Amino acid sequence: MKVTAKQNDRIAKMTFASVFPHYVTKIEKKGRTKAELFEVIEWLTGYDEAKLQELIDEKVTFETFFENATLHPNTNLIKGVICGYRVEDIEFPLTQNVRYLDKLVDELAKGRKMEKILRQN
């Protein structure tokens, strides 16, 4: 599957605030905590909980969200399939970053250990 420019544009215009509640629901249904979710997002983006709340309140787009993020140097270690796409093969950087986030949330929901999610080994 190949990500198209149209899909990339649609993702760029989505707000982080519109997706965040779905992340929370997904992980809490599987017994994980919002604190763990914040830890995963902070690892990927550099945003702490207060900054994340500010971005949610401002209803920033994913484009703005990732433009201002400081991605962790180990993001290239995030591999696998999410939403039918192999994350390491996605050509559009913004779409790849959003799928990295989706992949980490998925791993959290599936009960993976935090040190594995945060690529610490």
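Predicted model: local features only at pLDDT ≥ 70, side-chain atom pairs only at ≥ 80, totals over all residues.
1. A residue is called buried when its relative accessible area is under 20%, exposed when over 50%, and partly exposed in between, with a 1.4 Å probe and protein chains only. At 38% relative accessibility, Thr33 therefore counts as partly exposed. Thr33 lies in the loop between α2 (16-29) and α3 (34-45); helices (H or I, at least four residues) and strands (E, at least two) are DSSP runs, numbered from the N terminus. In sequence, Thr33 and Met114 are 81 residues apart, while in space they are 12 Å apart, C-alpha to C-alpha.

2. Residues are numbered from 1 along each chain as its sequence is written, and side-chain values use heavy atoms, with hydrogens and water left out.

3. The next point concerns helix α1. Two packed helices are described by the angle between their axes and the distance between the axes. The axes of helix α1 (residues 5-13) and helix α6 (residues 93-109) come within 9 Å and cross at roughly 60°. Here, axes are lines fitted to C-alpha atoms, for helices over the stretch in contact, and angles run from 0 to 180 degrees between N-to-C directions. The angle therefore makes α1 oblique to α6; angles under 35 degrees count as roughly parallel, over 145 as roughly antiparallel, 65 to 115 as roughly perpendicular and the rest as oblique. The crossing of α1 and α6 is left-handed, a term used if the near helix is turned anticlockwise from the far one by less than a right angle, with right-handed used if clockwise.

4. Which residues of α1 and α6 make the contact? On α1 they are Asn8, Ile11 and Ala12, and on α6 they are Leu94, Thr95, Val98 and Arg99, where contact means heavy atoms within 4.5 Å. By class, this contact of α1 with α6 has 4 nonpolar, 2 polar and 1 charged residues. Ala, Val, Leu, Ile, Met, Phe, Trp, Tyr, Cys and Pro count as nonpolar, Asp, Glu, Lys and Arg as charged, and the others, Gly among them, as polar.

5. Asn8, Ile11 and Ala12 of α1 are buried. They lie on the same side of α1 because they cover an arc of only 100° around the axis, the arc being that of the directions from the helix axis to the C-beta atoms. The buried residues of α1 pack against α5 (62-67) and α6. On the face turned away from the buried side, α1 carries the exposed residues Lys6 and Lys13.

6. Pro93 belongs to helix α6 and is exposed, with a relative accessible area of 53%.

7. Among the residues in contact are Leu37, Val40 and Trp43 in α3, and Tyr100, Leu104 and Leu108 in α6. By class, the contact of α3 with α6 has 10 nonpolar, 1 polar and 1 charged residues.

8. Cys83 has a positive phi of about 55° although it is not a glycine; Cys83 is in the loop between β1 (81-82) and β2 (85-86).
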